[in-house]
Amino acid sequence: MIDILSYLPGKRKATPSGWVSFNAVCCHHNGSNVDKRGRGGLKATDQGWSYHCFNCGYTASFILGRSVSFKARRLLSWMGVPDAEIDYLNLESLKHRNIYGILEDRQKTFNTLAAIEFEERDLPPYAELLVDEGDYRDYVCRRRVPKDFPVMAQMQNDGVHWTRPHVIIPFTYDNKIVGWTCRFLDNKQPKFISDSQPGYVFGTDLQNNTWEHVLVTEGIFDALSIGGLAVMHNTISDAQVRLIRNLGKQITVVPDQDQAGLELIDRAVELGWAVSIPEWPLHIKDVNDAVIEYSRLGALLTIMQARETSKIKIELRKKQLAKRIRT
Ligand SMILES: [Zn+2]
């Protein structure tokens, strides 16, 4: 196996979180200036490594048991790893294919057959993983985002960056970055700016293979806090329907408890999906509010208890909700 650390350029610096930073090797291959400020970062684990350039935005990763991706291959050759060694790494890696690799490949085949694919996208320039403390971290804790989710932000303050306080949520699919959304934390408009692809559903990578159920919510923070999916609109497009069905789980739609939520309920009924409209107190408007109030498990219980599969019962609950919203 290649010892990737031995191929890194000199002048490396290790951070407490396990990243090694050094002058990035990618930038001039991507039309950016050569990095002289140590903006390349690599984190190695027993299972592989991931690379991130905070200068030109290039990312690549490698996981033992998977084939070496095109982006990883390019990166390794920029580092000076000979082609023959990269081919050897690929062969060796595939010998380590384990049950999870096989399951993932099977899922990928399903996805390809269902034509669910997203292109790899770059994060906003200068996006870095959030540090452990500070206002941004307080915000994501308050919204009950799981601690191991890679929330990012532009941490520099030199005029090139967004000056409004914000957090960046990477959109992933099959553990690839396929977009992102930036949530501004002041009260100005716009609240969000995003780079999202048609048909994308947030949260598929939050699902566990052993879970039988999947919750479909509207917002990113709903999905993050409960471990569900977010369709990011008050409707569900046909492409999103294919992707959600393809997960092979019991589907429950949990709408926001507002006017827009009523539309999502209609769409769910049309699709024959279960709907849950728990009778939360008035100040709880969505899944994220419920998780903040009751904890993740508590909110999950209220959702599963109110789960309805019968069209008549869903319509009844919808009428009750419409009345609650008006009062
Ligand atoms: Zn770069």
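Donors are N, O and S atoms within 2.8 Å of the metal (3.2 Å for Na, K and Ca); water is not among the atoms, so sites may look incomplete. Here the metal is a zinc ion, and its protein donors are Cys 26 (SG), Cys 27 (SG), Cys 53 (SG) and Cys 56 (SG). This is a predicted model: local features need pLDDT of at least 70, side-chain atom pairs count only at pLDDT 80 or more, and totals for chains, interfaces and linings use all residues. Residues are numbered from 1 along each chain as its sequence is written, and side-chain values use heavy atoms, with hydrogens and water left out.

**The zinc site**

- The four cysteine SG atoms lie 2.3 to 2.4 Å from the zinc ion.
- The angles between the four donor atoms around the zinc ion are 101 to 124°, so the arrangement is tetrahedral.
- Along the sequence, the donor residues follow the spacing C-C-x25-C-x2-C.
- Cys 27 and Cys 53 link distant parts of the chain, 26 residues apart. Cys 27 sits in the loop between strand S2 (19-22) and strand S3 (40-45), while Cys 53 belongs to strand S4 (residues 48-53). Helices (H or I, at least four residues) and strands (E, at least two) are DSSP runs, numbered from the N terminus.
- Cys 27 counts as buried because its relative accessibility is 1%. Cys 53 is buried too, with a relative accessible area of 1%. Buried means under 20% relative accessible area, exposed over 50%, and partly exposed in between (1.4 Å probe, protein chains only).

**Helices H1 and H2**

- Two packed helices are described by the angle between their axes and the distance between the axes.
- The axes of helix H1 (residues 70-79) and H2 come within 10 Å and cross at roughly 140°. That angle makes H1 oblique to H2.
- Axes are lines fitted to C-alpha atoms, for helices over the stretch in contact, and angles run from 0 to 180 degrees between N-to-C directions.
- Angles under 35 degrees count as roughly parallel, over 145 as roughly antiparallel, 65 to 115 as roughly perpendicular and the rest as oblique.
- Glu 92 is in helix H2 (residues 83-95). Glu 92 counts as buried, at 15% relative accessibility.
- The side chains of Glu 92 and Lys 95 make a polar contact at 2.9 Å. A polar contact is a pair of N or O atoms within 3.5 Å; within protein, one must be able to donate a hydrogen and the other to accept it, and residues adjacent in sequence count only if both atoms are side-chain atoms.

**Helix H7**

- Gly 261 is in helix H7 (residues 259-271). Gly 261 is buried, with a relative accessible area of 0%.
- The C-alpha atoms of Gly 261 and Ile 236 are 12 Å apart, and 25 residues separate the two along the chain.
- Ala 268 is also placed in helix H7. Ala 268 counts as buried, at 0% relative accessibility.

**Backbone details**

- The peptide bond from Gln 189 to Pro 190 is cis, with omega near -10°. Pro 190 is in the loop between strand S9 (176-184) and strand S10 (192-195).
- Lys 11 is a residue other than glycine with a positive phi, near 55°. Lys 11 lies in the segment before strand S1 (13-14), and at 76% relative accessibility it counts as exposed.
- Ser 295 has phi near 80°, again a positive value in a residue other than glycine. Ser 295 lies in helix H8 (residues 287-305) and is partly exposed, with a relative accessible area of 36%.

Notes
Four donors count as tetrahedral if all angles lie between 85 and 135 degrees; four count as square planar and six as octahedral if opposite donors are over 155 degrees apart and all others between 65 and 115; anything else is irregular.
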